[in-house]
Amino acid sequence: MSVLDSARERVGTREPAKTGRENTPNTSLGTMAVRLGGRLSVGAQCRRLVAEDKLSRDRLEALQERRLGRLLRDAYETVPYYRELFDQRGLTPGCLPPRELLGKLPPLTKSDIMANFPDRILRHGRRSTGSQHLASTGTTADRTDVIVSLYGQRSRLALVFWRHALGGRCGVGAKRIEIPPDACSRLCGTENGRPMGLIGEIRAVAGQNRRPIQSALRVIEKRLRSSIRHSLIYDQTLPPFGPDGTCLAEADLQRYVDVLREQRPYLVTGLPAYLQQIARHIRRTGQSVHVPVIHPMGGLSTPGLRQFIAESFSAEVYETYGSSELGGFACQCDSREWLHVTMGSYIVEVVRDGRPAKPGELGHLIVTGLENRAMPFIRYKLGDVGRWHAGSCECGRETQLIECNGRLQNLIVTGEGRPVTEEELLDLAYSDLGLEHFQLVERKRGQFDLSVVAQPGEDLDQAAIKSAFSDALDGPRRLDVFPAQTIHAEATGKFRFVKSASYEDFA
Ligand SMILES: [Zn+2]
């Protein structure tokens, strides 16, 4: 191992030392150099992930226990929000084994974050040097501010490479193209959900602390870092579909196909609804397009949809799971069955009625990030529902196995009290009902409007559609079917194909 490698190893496998300086934002050129240098240790993080991937379940759980113990202690000592939670319950970091202690803390919600950001939820109540400010969008338009430590950023970037390698066997030099729903905000930053230019960003930061030159330097540095990081992951970013919704003109879809044929990428990452639409266009026009690996991202992809995409592009399709708040924490392996949790970096719980869910039982997905100390996410309720699997995967890995079945807000609880997931409804809609797209909106509990878009040149059998959806929803009080031309995207650029009025009944 070279001196550089061993230095990277040392830097990359632990949190930065706790000196007072880390808590003082500083934008000198020297600090910038140190920060850029720190990026090198992403390699060390990748090596750590490879090593942890081979550990037995016992050793992984022991590792989680140690890292969780450190996280809980640090959060108690440095984050006012968590100090108060512990105190209110008469708990201290050493009073119970970490995992048991974790179970005594209530889940953290988006509204908790919004109510306590920044002073009460950040480490020492302020941003640390080198930390990154992200804003989540999610499927609803409400933003959550997230501060990620330097260590957390390196870890997130390593996890992106790791997921591409695990799920897509994507090595260095493989050409990668993405079609995200919000390309502009990923590349330019957002303010109140709207894309923001460089000058606007500098003005906004300058307005906050009245030090324009330092602010400008900080923004330029942030842009540089973000663009370097982005160019490491993707070679090319294609534009989103835009405001016309799901039904893009065939000529516009052909442009995407032309780029894929011309550029011949190894990996394409994109919003599931976009990939589905391009796949349909390929089938309708009888073209042959081959992309070795496809990775749907930014929305729910169901087993049926992944199979459709795989066949249309003659591709291998793999699924990953994560959130902008926490980064990516689970990925499918070659067996393409369940999602493997990256257990050294995250703890994932599935909770139903306030207790741990049984294997295979639908529950709320709750995640603890073990690495971002700048803003700890301890028992964060993602707003997604899913299941965990008790068996082992045929690949031999002993990491925890989970699946995500959709957003909680898109979950219908029927009159009989049975939860119906977004995943079930998507696979029903795209089975053999002749639907191009649909949107099911529950206006009041048990009362549904179903908008349906026919496939080009097809007539819809509305009675059959109504009957299939009625059966799936246990015979609701009202279900009206309306033909539509397209389904429009939400303000975030993503689509909501199911909107529920009954999801709060799911505890
Ligand atoms: Zn596996």
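These legends walk through several close-up views of one predicted model. Residue numbers start at 1 along each chain, following the sequence as written. Because this is a predicted model, local features need pLDDT of at least 70 and side-chain atom pairs count only at pLDDT 80 or more, while totals for chains, interfaces and linings use all residues.

**View 1. The whole chain, for orientation.** The chain has 16 helices and 23 strands; helices (H or I, at least four residues) and strands (E, at least two) are DSSP runs, numbered from the N terminus. Of its 507 residues, 39% count as buried. Here buried means that 20 or more other C-beta atoms lie within 10 Å of a residue's own, exposed means 12 or fewer, and partly exposed is in between, with C-beta atoms placed from the backbone. Take the contacts with a separation of 6 or more: 67% of them come from residues 24 or more positions apart. A contact is a pair of residues whose C-beta atoms, placed from the backbone, lie within 7 Å.

**View 2. Helix α3 against helix α8.** Two packed helices are described by the angle between their axes and the distance between the axes. For α3 (residues 42–53) and α8 (residues 150–168), the axes come within 8 Å and cross at roughly 55°. Axes are lines fitted to C-alpha atoms, for helices over the stretch in contact, and angles run from 0 to 180 degrees between N-to-C directions. The crossing is right-handed, the term used if the near helix is turned clockwise from the far one by less than a right angle, with anticlockwise being left-handed. On the α3 side you'll find V42, Q45, C46 and L49, and they meet R154, S155, L157, A158, F161 and W162 of α8. Sorted by class, the residues of this contact are seven nonpolar, two polar and one charged. Ala, Val, Leu, Ile, Met, Phe, Trp, Tyr, Cys and Pro count as nonpolar, Asp, Glu, Lys and Arg as charged, and the others, Gly among them, as polar.

**View 3. The five-stranded sheet.** Five strands line up in the order β6-β3-β7-β8-β9 to form an open sheet with parallel pairing; strands pair if DSSP finds at least two bridges between them. At the edges sit β6 (236–237) and β9 (316–317), each pairing on one side only. Four bridges join β7 (residues 267–270) to β8 (residues 293–296), and V268 has I294 of β8 as its bridge partner. Helix α13 packs on this sheet, touching β3 (176–179), β7 and β8, and its direction makes about 135° with that of β8.

**View 4. Strand β3, covered on both faces.** In a regular strand the side chains alternate between the two faces of the sheet. In β3, R176 and E178 are on one side and I177 and I179 on the other, and all of them are buried. Four bridges join β3 to β7, where T269 is the bridge partner of E178. The parallel pairing of β3 with β6 spans two bridges, and I177 stands opposite Q236.

**View 5. Helix α13 and its helix neighbours.** The axes of α12 (residues 250–263) and α13 (residues 272–284) come within 10 Å and cross at roughly 100°, so α12 and α13 are roughly perpendicular. E250, L253, Q254, Y256 and V257 of α12 make the contact with Q277, I278, H281 and I282 of α13. The α13 and α14 (residues 303–312) axes come within 9 Å and cross at roughly 45°, so α13 is oblique to α14. This crossing is left-handed. Here P272, L275, Q276, A279, I282 and R283 of α13 meet L305, F308, I309 and S312 of α14.

View 6. F117 and P118 are joined by a cis peptide bond, with omega about -5°; P118 is in the loop between α7 (110–116) and β1 (132–136). R264, in the loop between α12 and β7, has a positive phi near 45° without being a glycine. R264 is exposed, with 12 other C-beta atoms within 10 Å. D474 isn't a glycine either, yet its phi is positive at about 60°. D474 lies in the loop between α16 (462–472) and β22 (478–483) and is partly exposed, with 15 other C-beta atoms within 10 Å.

Notes:
Contact = placed C-beta atoms within 7 Å. Parallel < 35°, antiparallel > 145°, perpendicular 65-115°, else oblique.
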